[in-house]
Amino acid sequence: MCGIVGYIGDKKAFPILIGGLKRLEYRGYDSAGVALLNGSLENYKKKGKVSDLEAFVAGKADDGTIGIGHTRWATHGEPSDKNAHPHVSMNGHFSIVHNGIIENYAQLKRDLETHGYTFASDTDTEVLANLIEYFYLQDDEMSSEAAVQLALSKVVGAYGIAVLCKKETEKIVVARKGSPLVVGLGSGEYFIASDASPIAEYTNQVIYLNDEDIAILQKDGFTLSNVQNTPVSLKISNIDMEIGAMDKGDYDYFMLKEIHEQPKTIEETFRGRLQNDYSEIVLGGLLNVFPKIEAAKRIVIIGCGTSWHAGLIAEYLFEEYAQVSVEVEYASEFRYRKPVLSSDDVVILISQSGETADTLAALELAKSKGATVIGICNVVGSTLSRETEAGVYTHAGVEIGVASTKAFTAQVTVLTMIALKLAKRKGTISNDDYKMLVKELAEIPEKGRAILSDGEKIKAIAEKYHEAVNALYLGRGYLFPVALEGALKLKEISYIHAEGYAAGEMKHGPIALVDNNLPVVVVAPQDDYYEKVVSNIQEVKARKGNVIAIVTEGDKGLKEMVNDIIEIPKSHPAVAPLLAVIPLQLMAYHIALLKGCNVDQPRNLAKSVTVE
């Protein structure tokens with residue numbers, strides 16, 4: 001969701017904060033702000049982009065070697081200058097940036113109002129700033145960190161915070177519960193961020209804060225404890241992040257860059273895990289839990305959005321090849337049900353960031369039931385990677401575009417490898433089929449490059465349909481989840497209403513939408529479902545619908561029947577989703593551009609959903 005950055009050291013803080021906020025802008029972007037300690041406590045914030053904040057601060061006092069900054073995605077209160085962070089306490093003693101939601105803010109606000117506090121914003125964060133100040137002013141000997149501890153002991157909800165105190169000019173207090181924070185270690189300086197991307201150019205050593213950790217950062221050192229004031233042991237981690245990966249390079253948008261990176265990221269995800277002769281898949285991160293996975297009576301896959309779609313593809317893979325029952329659950333629903341789980345179950349949780357709030361809540365629920373929990377994520381050191389028993393990292397690299405592309409195909413690659421490895425261990429797949437499918441997976445990157453080389457044709461199709469109001473996406477089998485993902489991409493970045501359906505369900509309702517204004521995207525490569533899908537296309541055409549078909553290269557049967565064709569290289573159905581999704585991503589991208597939309601930062605969306 002929102003992004004936090006902070007710095008304390010000997011360098012000028014403002015350029016570091018602004019640079020960090022630009023790196024974090026994909027996390028939240030309706031407003032931005034900074035607070036600087038430079039003898040006084042200067043607070044600057046502005047609705048809009050980080051560039052709007054930068055222009056606003058130009059010519060103002062921006063000195064100081066200590067500061068905090070924030071990019072906001074609105075939860076409490078509309079996007080505005082007054083609701084932007086940082087928030088200053090009523091008497092000006094504290095400035096705070098906050099990710100998360102204070103669930104009991106209304107009661108805390110009423111209590112503070114009885115003590116004479118007034119509020120300048122609509123946010124829950126300002127309530128926390130005033131609560132910290134209230135405790136601070138109760139005792140002349142009270143330190144800022146003690147006031148923060150007292151305030152957080154009264155809070156219900158999630159937070160990642162960084163706090164400056166006007167009177168304590170050599171200190172930043174940071175704390176976390178349910179919203180990620182990382183502290184970067186330098187020489188006589190420290191960095192704070194909600195993920196590692198804004199600080200990777202300054203340090204490769206970081207500490208990932210755990211829930212209820214509180215860190216007090218000073219130029220000459222730092223201490224780490226928790227809300228109960230108990231010391232916490234330090235664990236320093238190394239990060240390996242290419243700064244160039246966070247730039248657009250020669251591309252106009254991050255989304256286009258990340259679509260084109262997919263052949264490489266799929267390759268990186270299976271590199272070192274597929275043996276050259278296709279005889280084996282090596283997944284070291286699961287080595288100790290594979291006996292439990294083999295013995296599982298059921299696998300439950302949990303994710304949100306695009307990760308849920310990856311899980312749906314995995315359901316087909318696990319059931320067909322490993323012969324194990326699979327359920328795929330929305331994390332946001334799973335956590336509020338009373339699911340029946342036992343120690344015989346394996347729960348696979350999928351999250352690009354490893355910080356998705358609903359997925360982490362589902363993780364805790366699954367652990368409490370005794371299930372074996374496995375994580376699939378893209379971020380080393382994330383909460384998901386630390387809290388699961390075992391897991392597999394995707395190697396998608398930093399994904400900046402809010403609409404996930406390369407993270408999705410990397411997740412599907414990992415899930416494919418797990419399913420095939422499990423099938424081999426259980427003996428539910430022949431050696432010949434196993435080697436054939438591993439080889440098919442290894443060939444995906446080159447086939448993906450072939451699709452991307454034909455981007456102009458997809459752009460021309462987008463020009464025909466960018467004024468559509470609705471769209472329908474259809475697929476069967478492994479490609480039904482691809483239809484869902486294609487529809488989601490179009491919705492996310494072009495704001496066209498789109499629905500994905502299993503093609504066989506079309507006659508059970510969606511066919512009522514078909515007319516000569518409706519584009520119907522049908523994922524129809526040659527597989528066991530091909531003839532069935534052709535029948536669905538004929539039904540659409542009989543009602544004057546406009547059909548865009550994703551077909552196997554060389555397919556002649558559909559050319560005369562449909563309005564537009566996009567060809568993809570021939571592949572086995574089990575790995576076809578990795579190819580079929582690429583033209584759908586590109587089509588959504590070009591349609592959104594033609595409509596004048598910001599494809600990297602679509603309205604109302606944030607990259608990492610770290611609050612409910």
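Welcome! Start by selecting the hairpin of β5 and β6: five residues lie between its strands, and Gly92 takes a positive phi near 80° there. You are looking at a predicted model, in which local features need pLDDT of at least 70 and side-chain atom pairs count only at pLDDT 80 or more, while totals for chains, interfaces and linings use all residues. Residues are numbered from 1 along each chain as its sequence is written, and side-chain values use heavy atoms, with hydrogens and water left out.

A word on labels: helices (H or I, at least four residues) and strands (E, at least two) are DSSP runs, numbered from the N terminus. Two strands pair if DSSP finds at least two bridges between them.

**Stop 1: around β6**

Select residues 87–88 for strand β5, which pairs with β6 in the antiparallel sense over two bridges. His87 stands opposite Ile96 in β6. Now colour β6 itself, residues 94–99: six of its six residues are buried, so the strand is largely enclosed by the rest of the structure. Buried here means under 20% relative accessible area, with exposed over 50% and partly exposed in between (1.4 Å probe, protein chains only). Show the side chains, and you will find Phe94, Ile96 and His98 pointing one way, with Ser95, Val97 and Asn99 pointing the other way. Asn99 stands opposite Gly160 in β7.

**Stop 2: another hairpin**

Select strand β2 (residues 31–37) and strand β3 (residues 41–47), which run antiparallel and are joined by seven bridges. Ala35 stands opposite Asn43 in β3. Three residues lie between these strands, and Gly39 in the turn has a positive phi of about 95°.

**Stop 3: a parallel sheet and its helices**

Move on to an open sheet of five strands with parallel pairing, in the order β16-β15-β17-β18-β19. Its edge strands are β16 (325–330) and β19 (390–393), each pairing on one side only. Neighbouring strands are turned by 20° against each other on average, direction ignored. Angles run from 0 to 180 degrees between N-to-C directions, and axes are lines fitted to C-alpha atoms, for helices over the stretch in contact.

Contact means heavy atoms within 4.5 Å. Then select helix α11 (residues 357–368), lying across β15, β17 and β18 and running at about 165° to β17. Within the sheet, β17 (residues 345–351) and β18 (residues 372–377) run parallel, joined by six bridges. Look for Val346, which stands opposite Thr372 in β18.

**Stop 4: helices together**

Select helix α15 (residues 444–452) and helix α19 (residues 577–594), which pack at an angle of about 25° with their axes 10 Å apart. That makes α15 roughly parallel to α19, a label for angles under 35 degrees. Show the side chains at their contact: Ile444, Lys447, Gly448, Ile451 and Leu452 come from α15, and Leu578, Leu579, Ile582, Pro583 and Leu586 from α19.

Finish with helix α7 (residues 262–270), where Gln262, Pro263, Thr265, Ile266, Thr269 and Phe270 are buried. What do the buried residues of α7 pack against? Their partners are α6 (254–260), α13 (406–426), α14 (431–442), α15 and α19. Just after α7, Gly272 takes a positive phi of about 80°.

Key: Parallel < 35°, antiparallel > 145°, perpendicular 65-115°, else oblique.
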